[in-house]
Amino acid sequence: MKLCIKLAKITLYFAVVILFCRFVLLPYIFPIKYQKEINYFSEQYALAPSLIYGVVFTESRFNENAISIRNAKGLMQIGQTTGEWAGEILNISEYHQEMLFEPTINIQIGCWYLHKLHNQFETTQTALAAYNAGSGNVSKWLQDSNYSDDGKTLKDIPYEETKKYVKKVMIVQKIYQWIYHIQ
């Protein structure tokens with residue numbers, strides 16, 4: 001009888017810890033921010049909101065003023081050239097680089113660009129590799145049998161930073177799906 005009571009207490013303790021992690025700790029670590037913008041642009045560009053949360057978390061941890069060592073800016077870390085190109089194509093009125101610190105503009109450009117890369121490379125993992133390392137690099141890798149067997153998917157990524165980036169975004173995406181039950 002004492003053993004059953006002890007096991008019940010241990011089980012209850014673990015259940016409380018798991019529930020605390022699931023409903024308190026993980027949402028604190030992986031917050032839902034910019035939900036309106038992410039939902040709107042992920043729908044507009046046919047992307048999973050959880051993927052955009054994964055990219056934003058990985059790129060900037062939701063810091064709209066983030067600047068990378070390569071001078072990429074904002075939530076989704078948009079580079080100068082990509083920003084100017086997107087500003088023109090998306091007809092963003094009087095586009096200038098400081099607009100990349102505006103969450104709505106940054107998320108719009110990031111989603112547009114990720115959608116473009118996904119259409120070009122067909123898989124989410126390959127599009128993410130291109131988002132991080134550039135589409136020119138990914139195109140070269142796809143033509144190299146060391147990195148691709150079929151010219152469409154990557155079996156390996158030669159840049160360690162990009163390899164880690166893709167894995168991290170995919171893991172964070174799954175965490176967002178699990179915590180918030182979003183696509």
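Colleague: What makes Asp 149 count as buried, partly exposed or exposed?
Modeller: Asp 149 has a relative accessible area of 65%, and since buried means under 20%, exposed over 50% and partly exposed in between (1.4 Å probe, protein chains only), Asp 149 is called exposed. This is a predicted model in which local features need pLDDT of at least 70 and side-chain atom pairs count only at pLDDT 80 or more, while totals for chains, interfaces and linings use all residues. Residues are numbered from 1 along each chain as its sequence is written, and side-chain values use heavy atoms, with hydrogens and water left out.

Colleague: Why is the pair of Asp 149 and Lys 155 called a salt bridge?
Modeller: The term requires a side-chain nitrogen of Lys or Arg within 4 Å of a carboxyl oxygen of Asp or Glu; the closest N and O atoms of Asp 149 and Lys 155 are 2.8 Å apart, so the pair qualifies. Lys 155, with a relative accessible area of 48%, is partly exposed.

Colleague: How many salt bridges does the structure hold?
Modeller: There are 3, and among them is the one between Asp 156 and Lys 163, at 3.0 Å from N to O. Asp 156 is partly exposed at 30% relative accessibility, and Lys 163 is also partly exposed, at 22%.

Colleague: How do you know that Arg 70 forms a salt bridge with Glu 161?
Modeller: Their closest N and O atoms lie 3.7 Å apart, which meets the cut-off, so the name applies. Arg 70 is exposed at 62% relative accessibility, whereas Glu 161 is partly exposed at 46%.
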